[in-house]
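The sequence and the model come before the text.

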Amino acid sequence: MLTIYSDAHHLHHGCELKDGVLMPCFEQPGRADTILARVRATGLGPVAAPGEYDSARYARVHSPRYVRFLERAWDEWTASGRSHDALPLIWPVRDLRGDIEPEFIDGKLGFYAMDAGVAITAGTWKAVRASADVALTGMDALLAGERSAFALCRPPGHHAAAEYMGGYCYLNNAAIAAQSCLDGGAGKVALLDVDYHHGNGGQSIFYQRDDVMFLSLHGDPKYSYPYFSGHRDETGAGSGLGFNHNYPLPHGTGWPAYSEALNHACGRIAAYAPDALVVSLGVDTFKDDPISQFRLESEDFLRLGARIAELGLPTLFVMEGGYMVDDIGVNAVNVLTGFLAGG
Ligand code: OKS
Ligand code: ZN
């Protein structure tokens, strides 16, 4: 399987507030380095650099003003005299004015964010762009006839919606790739999110559409991030009604219950009969993940990949979450080798 990877992710390494203390993000460069090392050690296949794409490609699923905000945020932050990470710290909740974009950067940060887990640093935009380009390049490989590809994206993307960032995500790499597939001639695409956290960004972007079916297996939002999205009754709206499927699962979920939900989701994908599948691949469902509550074992990731392969679809894997444990490389690549063995 072809892997797309860019070193530019090293330019992004921010801080987050964890339990009231400012510390380096769990979402750190070592994650992608460890996965790449495992791709090489297992001989998964060739590793290629991404092409460069016009930012209009990102604006197929994001608003142009949001893309411009991301591009300029660091310069506006430093122009106002700051030099440490920019973090959003105020949000237009409920009856506040969410309809007027503030002019000062501190206001803009909150306007374009769902939480504070999105540090913007000097290298963030370059890394974010390269990550989206990794996904676009992977999709181009599929459009050129590859059965599968692995977009080793960092930073991740599945919490980012049309006009906001959140949860370590800035541009929604998987959604950008799914849209690119449609723009390249596909009629229908399925987006399956197996990260521990609900893929609220992909859900939001495609909620009213029937040309992308969105499905997510995740920790129940009653007690898992992102808390305000991912319930079972979120099934789409307008012509998208019936094309959004959430599988919230309880703390402690292991392979038996997980695979039952996965089988159900795969059944829905098969009935939808898409031209291609994009998988938001998070491996924070692992038993030892430091911020998640499922109990998948390393071997279960082989089974996960094999089940996805049974769909027989051209498949792009887009890297999302999974945190700094030595096993992150083994677990991510197990999904891919399981897919290759199963398909
Ligand atoms: C704020 C950021 C919390 C983000 C947690 C979820 C990240 C993730 N401290 N999403 O898939 O893995
Ligand atoms: Zn996650």
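## Serine 292 and its surroundings

The side chains of serine 292 and aspartate 289 are joined by a polar contact of 3.1 Å (N or O atoms within 3.5 Å; within protein, one able to donate a hydrogen and the other to accept it, and residues adjacent in sequence count only if both atoms are side-chain atoms). The model is predicted, with local features needing pLDDT of at least 70 and side-chain atom pairs pLDDT 80 or more, while totals for chains, interfaces and linings use all residues. Residues are numbered from 1 along each chain, chains are lettered from A and ligands numbered from 1 as written, and side-chain values use heavy atoms, without hydrogens and water.

| Side chain of serine 292 to | Distance |
|---|---|
| side chain of aspartate 289 | 3.1 Å |
| backbone oxygen of aspartate 284 | 3.2 Å |

Serine 292 lies in the loop between β9 and α8. Serine 292 counts as buried because its relative accessibility is 6% (buried is under 20% relative accessible area, with a 1.4 Å probe and protein chains only). Beyond neighbours within four places in sequence, serine 292 is in contact with Tyr196, His197 and Asp284 (heavy atoms within 4.5 Å).

Aspartate 195 and histidine 197 are both buried.

The buried residues of α8 pack against β6 (189-193), α7 (255-272), β9 (276-281), β10 (315-319) and α9 (328-342) (helices are DSSP runs of H or I of at least four residues, strands of E of at least two, numbered from the N terminus).

Conventions. Buried < 20%, exposed > 50% of the residue type's maximum accessible area, 1.4 Å probe, protein only.
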